[in-house]
Amino acid sequence: GPCTECSCSSGKEAEKKHTKKENGDQSCVPKIFFGTRTHKQITQISRELKRTAYSCVPMTILSSRDYTCIHPVVSNSTNRNEMCVELLEGKHGRSCSYYHGVHKLTEHHSQQPVCQAWDIEDLVSLGRKLRACPYFAARELMVGADIVFCPYNYLLDPQIRDSMEIKLKDQVVILDEAHNIEDCARESVSYGVTEGQLRAAREELDVMVNNNIRQKHHEPLRAVCCSLI
């Protein structure tokens, strides 16, 4: 039956979408960012959302190019991110026709009389049909979405947050199976280096220390490199 606890049941659309502040500014209702451990879990959750009274709520799913790129060359590459950026920048005199067709996907969703929850496979399938990029379409849909599904690291990793233009201030964040957060957070601030890179860094630091260039700062760094080696 119809919900009775929120403004959508009483027709207070203006109240739902905007709240007046004392200074006269308007602020939008917060988005719900729903983070999961894997992309597969997003498919399961979107399927469950489809079964609820909120299946028509504007939504999107943020995913990597590994799951959403449909360009025949880029999608078969091991460096999808780099190749995608090169195409968008037109480095080799070529561009991505799928990227320029993003509006076809976003308009398709906005013009549907009755929207329903969808998953990544639905978006990719529609993208192939319309020859439009699902990866960038999903990002465009985030602007008007009330619910945004994504993997943990999209919310926890500051670099990914910035690149995806995710702003969490004053938003609602739900983390599914949150006991996995610790590992994800640790991974987000970790990186790997090779022994060769450590030796190269030590040699550069040797030059700095021997030439009295900020010796006080470089000596401890050299000590760390030596201990790791």
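Predicted model: local features only at pLDDT ≥ 70, side-chain atom pairs only at ≥ 80, totals over all residues.
Four strands form an open sheet in the order 4-5-3-6, with parallel pairing. Strand 4 (59-61) and strand 6 stand at the edges, each with a single partner strand. One side of each is therefore left without a neighbour in the sheet. From one strand to the next, the twist averages 20°.

Strand 3 (residues 32-36) pairs with two strands of this sheet, strand 5 and strand 6. Five bridges join strand 3 to strand 5 (residues 147-151), and the two run parallel. Four bridges, also in the parallel sense, pair strand 3 with strand 6. Four of the five residues of strand 3 are buried, so the strand is largely enclosed by the rest of the structure.

In strand 5, its bridge partner is phenylalanine 149. In strand 6, phenylalanine 34 stands opposite isoleucine 174. Glycine 35 stands opposite leucine 175, likewise in strand 6.

In soluble globular proteins, nonpolar side chains tend to be buried together. The largest nonpolar core of the model has 40 residues. Met59, Ile61, Leu62, Phe149 and Ile166 touch the most other members of this core. Helix 7 (residues 134-141) gives the most to the core, with five residues.

Helix 7 is itself largely enclosed by the rest of the structure, because seven of its eight residues are buried. The buried residues are Pro134, Tyr135, Phe136, Ala137, Ala138, Arg139 and Leu141.

Leucine 62 has contacts in several parts of the chain. Leaving aside neighbours within four places in sequence, leucine 62 is in contact with Ala138, Arg139 and Met142, among others. Its contacts also include Val148, Phe149, Cys150 and Pro151. Tyr154, Met164 and Ile166 are in contact with leucine 62 as well.

Arginine 139 lies in helix 7. The C-alpha atoms of arginine 139 and leucine 62 are separated by 6.6 Å, although the two residues are 77 residues apart along the chain. Not counting residues up to four places away in sequence, arginine 139 touches Leu62, Ser163, Met164 and Glu165. The arginine 139 side chain reaches the backbone oxygen of serine 163 at 2.7 Å.

Aromatic pairs were examined next. A pair of aromatic rings is described by the distance of the centres and the angle of the planes. The count comes to three aromatic pairs. In one of them, the rings of phenylalanine 34 and phenylalanine 149 have their centres 5.7 Å apart. Their planes are at 50°, so the pair is tilted. This pair links distant parts of the chain, with phenylalanine 34 in strand 3 and phenylalanine 149 in strand 5, 115 residues apart. Both residues are buried. Phenylalanine 34 has a relative accessible area of 17% and is buried. Phenylalanine 149 counts as buried at 2% relative accessibility.

Tyrosine 99 and phenylalanine 136 form an edge-to-face pair, at 4.9 Å centre to centre and with 80° between the planes. Tyrosine 99 lies in the loop between helix 4 (80-89) and helix 5 (102-110), and phenylalanine 136 lies in helix 7. The pair therefore ties together parts that are 37 residues apart in sequence. Tyrosine 99 is partly exposed, with a relative accessible area of 34%. Phenylalanine 136, at 13% relative accessibility, counts as buried. Tyr99, Tyr135 and Phe136 form one aromatic cluster.

Asparagine 180 lies in the loop between strand 6 (172-175) and helix 10 (181-188). Its relative accessible area is 18%, under the 20% limit, so asparagine 180 is buried. The side chain of asparagine 180 makes a polar contact with the side chain of histidine 179 at 3.4 Å. Leaving aside neighbours within four places in sequence, asparagine 180 is in contact with Arg37 and Tyr152.

Methods: Residues numbered from 1 in each chain as written. Heavy atoms only, no water. Buried < 20%, exposed > 50% of the residue type's maximum accessible area, 1.4 Å probe, protein only. Polar contact = N/O pair within 3.5 Å; in protein donor to acceptor, adjacent residues only side chain to side chain. Contact = heavy atoms within 4.5 Å. Core = buried A, V, L, I, M, F, W, Y, C linked by side-chain atoms within 4.5 Å. Pairing = 2+ DSSP bridges. Phe/Tyr/Trp six-rings, centres within 6.5 Å; stacked < 30°, edge-to-face > 60°. Axes fitted to C-alpha atoms, helices over the stretch in contact; angles between N-to-C directions.
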